[in-house]
Amino acid sequence: MVLLQVENLTFNYPNEPEPVLKDLSFTVNSGEFVLLTGPTGCGKSTLLRHLKPVIQPIGDKTGSIYVDNKPIDRYPKKEMAQAVGFVFQDPDNQIVMDHVEQELVFGLENIGLNRSEIKKRLAELVHYFGIGAWMDDPIDELTGGQKQLLNIASVLLLNPKIILLDEPTSQLDPISTKGFFDLLHHLNQELGITIILVEHRLEHVYDLCDRMMFMNHGQIVYNDTPKEVLYHLWESKDENVKDMKHWLPNIAELYLTFDPQPERDLIPLNVNEGRAWLKSLHIHEKEVRKDQEVGIKDTILQAKNISFKYHRKGKKIIEHLDLSIYQEDFLAIVGSNGSGKSTLLKVLSGILKPQEGSIYYKHQKLKKTDRRVLGYCPQNPKYYFLQDTLKKEMNDLVQRYEIPSAKEKIDEWLHHFSLHMVQDRHIYDLSGGEIQKAVLACLLLTDPDIILIDEPTKGLDPFVKERFAECLSEINKKGKAIVLVTHDIEFASKYAKRSGMMFRGEMSEVEKATDFFKQNHFYTTAINRITRQRGIPHVLNLEEAKLKWHVQKPY
């Protein structure tokens with residue numbers, strides 16, 4: 001049964017020459033799990049916001065949207081609030097109360113339910129989610145994963161027919177991300193809730209969804225089962241989907257690269273399917289010339305015995321931590337939500353001052369932040385901007401830091417991140433990926449010696465992520481040190497030189513990135529999981545497999 005119907009939907013933001021959505025028409029059946037993906041800025045988030053009237057963007061719209069055969073603009077607000085739930089990318093954007101129980105009942109109180117009905121719904125949901133232990137907790141003490149769980153629980157209390165989710169795992173660690181997707185799968189399979197998910201972290205999603213809609217340039221290019229769409233992306237010569245192989249999950253791309261006769265129905269989408277496929281191959285290790293080990297360069301940034309806490313009587317977030325960053329270093333710091341990664345980055349940048357220990361830049365104690373020395377990109381990119389458009393922000397930076405050849409440098413980074421078309425748009429009208437790219441363009445404009453980036457790939461599509469990685473590698477080769485905090489294990493394992501894990505305010509031993517990720521069982525790549533202890537050359541990613549594997553398929 002059709003639950004959602006979109007007919008000829010076209011939308012223009014004010015003063016934009018091209019529509020963001022172009023004559024879109026599609027249906028979603030009751031109980032479906034639909035993945036909506038595509039390049040950053042293709043219109044995914046704009047489309048999703050059109051399905052929830054209270055957050056529809058301002059602009060010129062034509063076309064119709066129906067839920068249960070009724071136009072959504074004819075639904076009373078109270079009825080629509082219950083019919084369609086929405087979970088935002090940033091969990092803090094959705095939370096309005098101070099404590100967990102207050103947040104859970106807020107929506108129910110606003111639709112006018114009586115206390116007995118609220119209590120009944122709350123009791124059932126709390127037991128279902130297993131969140132009774134933190135019902136009285138302040139929300140600011142929850143981890144990112146707990147906040148996102150709270151958000152979806154608050155939505156479910158309203159008994160929605162459809163749940164819309166806009167990159168809900170972008171700020172979650174790998175373990176929390178897996179748990180969140182498992183929860184969505186359970187809600188869809190066991191409760192029959194219709195789910196439409198916009199997501200860039202796709203490794204765990206393809207195996208869960210019934211259908212995949214792939215957007216590009218404001219249009220739906222493919223609308224089919226995940227395996228069918230992935231096969232088309234791999235084989236297509238269409239200019240409209242050029243470079244879209246980046247959307248393939250790593251295990252699927254490994255299969256399509258190495259299987260002599262790949263079949264679309266056999267594309268593996270999870271670890272078990274990947275291991276089953278590997279059993280059908282004979283894989284021998286090539287002779288590979290080992291790269292010469294790069295020697296340790298001079299120390300450029302150093303943390304000595306630092307400890308930090310936010311409140312005088314609070315617990316220490318960082319405790320007696322030592323860390324050295326070297327010239328041309330590329331360090332990836334991983335760890336769970338709440339382990340102190342983001343706080344460490346702020347302390348290294350000089351934004352926060354440790355209560356114990358000191359930070360040294362080129363053996364001199366760091367006293368204040370200078371963007372020409374130390375560039376810092378925050379986890380929430382909106383907090384970076386002082387101006388309301390990217391163009392104004394970049395011009396402001398040029399004036400404040402007296403940047404030479406300013407126009408050429410601005411054009412260079414706008415072009416590099418494909419931001420020319422949105423430089424005059426209000427920052428809050430940009431998609432999550434566009435905002436992230438805008439911050440990175442501003443950050444690189446000042447040409448700092450050390451780049452500290454908190455979750456740099458959040459909101460970036462696979463193609464832009466690849467371009468951004470190439471950019472970081474170029475900068476790194478020129479002697480710049482890069483330190484990033486990330487939940488993107490695939491990205492860190494592929495590009496970082498060194499890696500370490502934060503745990504209880506301390507840093508585990510920092511080691512060579514390939515060794516670090518190969519030894520891990522949870523914080524590691526999907527390809528590492530399917531090749532470890534399988535009697536074949538153990539590899540971390542597709543690039544390493546291309547170097548080491550010689551594959552034959554028995555007949």
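Predicted model: local features only at pLDDT ≥ 70, side-chain atom pairs only at ≥ 80, totals over all residues.
The model is read with local features needing pLDDT of at least 70 and side-chain atom pairs counting only at pLDDT 80 or more, while totals for chains, interfaces and linings use all residues. Residues are numbered from 1 along each chain as its sequence is written, and side-chain values use heavy atoms, with hydrogens and water left out.

Tyr 231 belongs to helix H7 (residues 226-235); helices (H or I, at least four residues) and strands (E, at least two) are DSSP runs numbered from the N terminus. Neighbours within four places in sequence aside, Tyr 231 is in contact (heavy atoms within 4.5 Å) with Leu 256, Pro 262, Arg 264 and Ile 267.

Turning to the sheet, 6 strands form an open arrangement in the order E6-E7-E8-E3-E9-E10, with mixed pairing; two strands pair if DSSP finds at least two bridges between them. Strands E6 (84-87) and E10 (219-224) are the edges, each pairing on one side only.

E6 and strand E7 (residues 162-166) run parallel and are joined by 4 bridges, and Phe 86 has Leu 164 in E7 as its bridge partner. Across E6 and E7 lies helix H5 (residues 144-156), running at about 170° to E6. Here axes are lines fitted to C-alpha atoms, for helices over the stretch in contact, and angles run from 0 to 180 degrees between N-to-C directions.
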